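Good morning, and thank you for joining.

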Amino acid sequence: MAKQQQRQGLCELKIGGQNRPLYFGLCTFMDLEDEFGDIGMEEINQKMADLKSGKNYKFLFTLVWSGLYNGALERGQEFSHSIREVGHWLDKLTEEDYVKIFETLSESQFFGKGQEKEEENEESQAEDGSKKK
């Protein structure tokens with residue numbers, strides 16, 4: 001069951017003193033655009049690479065805040081915490097927690113393997129269309 005949730009970009013994470021749903025979907029793009037302006041997958045991938053080199057923590061805070069906010073909405077719960085508050089919660093996470101966050105992101109339909117499969121399907125359809133001509 002947990003693996004199925006991760007494939008959908010949804011998991012449970014103990015953060016801020018309680019278990020909370022974390023969900024990455026299309027609204028995550030909207031939240032990132034609200035914070036960083038017009039942003040696409042190329043820019044998101046660059047910001048993810050920046051994180052690995054110790055830069056762009058605002059992106060991490062916004063990304064996790066969005067996941068928590070949208071996870072709460074997905075479950076019909078309220079979420080009124082700020083990005084800064086989430087940033088303080090991130091201070092207390094373990095390495096395993098961060099792995100869980102990024103695995104969930106990479107398994108989501110719009111950011112990870114789901115996105116790759118969608119692109120593969122589009123390429124396959126394009127190839128099929130050119131073969132029919």
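Which residues of α4 and α5 meet each other? Before I answer, please keep in mind that this is a predicted model. On the α4 side the residues are L60, F61, T62, V64, W65 and L68, and on the α5 side they are I83, V86, G87, W89 and L90. Sorted by class, this contact of α4 with α5 has nine nonpolar, two polar and no charged residues. As for geometry, the axes of α4 and of α5, which covers residues 83-90, come within 9 Å and cross at roughly 100°. That angle makes α4 roughly perpendicular to α5, since angles of 65 to 115 degrees are counted that way.

Let me stay with α4 and turn to α6. Here the two axes come within 12 Å, with a crossing of roughly 70°. The helices α4 and α6 are therefore roughly perpendicular to each other. L60, L63 and V64 of α4 make this contact with Y98, I101, F102 and L105 of α6. Its residues divide into seven nonpolar, no polar and no charged.

The axes of α2, residues 26-36, and α4, residues 57-74, come within 9 Å and cross at roughly 140°. This makes α2 oblique to α4, and the crossing is right-handed. From α2, the residues C27, T28, D31, L32, E35 and F36 meet K58, F59, T62, L63, W65, S66 and N70 of α4. By class, there are six nonpolar, four polar and three charged residues in this contact of α2 with α4.

Finally, the loop residue. N56 is located in the loop between α3, residues 41-52, and α4. What is the phi of N56? It is near 70°, a positive value in a residue other than glycine. In general, most residues other than glycine have a negative phi. Is N56 buried or partly exposed? Its relative accessibility is 23%, so N56 counts as partly exposed, the limit for buried being under 20%.

Key. Residues are numbered from 1 along each chain as its sequence is written. This is a predicted model: local features need pLDDT of at least 70, side-chain atom pairs count only at pLDDT 80 or more; totals for chains, interfaces and linings use all residues. Side-chain values use heavy atoms; hydrogens and water are left out. Axes are lines fitted to C-alpha atoms, for helices over the stretch in contact, and angles run from 0 to 180 degrees between N-to-C directions. Helices (H or I, at least four residues) and strands (E, at least two) are DSSP runs, numbered from the N terminus. Angles under 35 degrees count as roughly parallel, over 145 as roughly antiparallel, 65 to 115 as roughly perpendicular and the rest as oblique. A crossing is left-handed if the near helix is turned anticlockwise from the far one by less than a right angle, and right-handed if clockwise. Contact means heavy atoms within 4.5 Å. Ala, Val, Leu, Ile, Met, Phe, Trp, Tyr, Cys and Pro count as nonpolar, Asp, Glu, Lys and Arg as charged, and the others, Gly among them, as polar. Buried means under 20% relative accessible area, exposed over 50%, partly exposed in between (1.4 Å probe, protein chains only).
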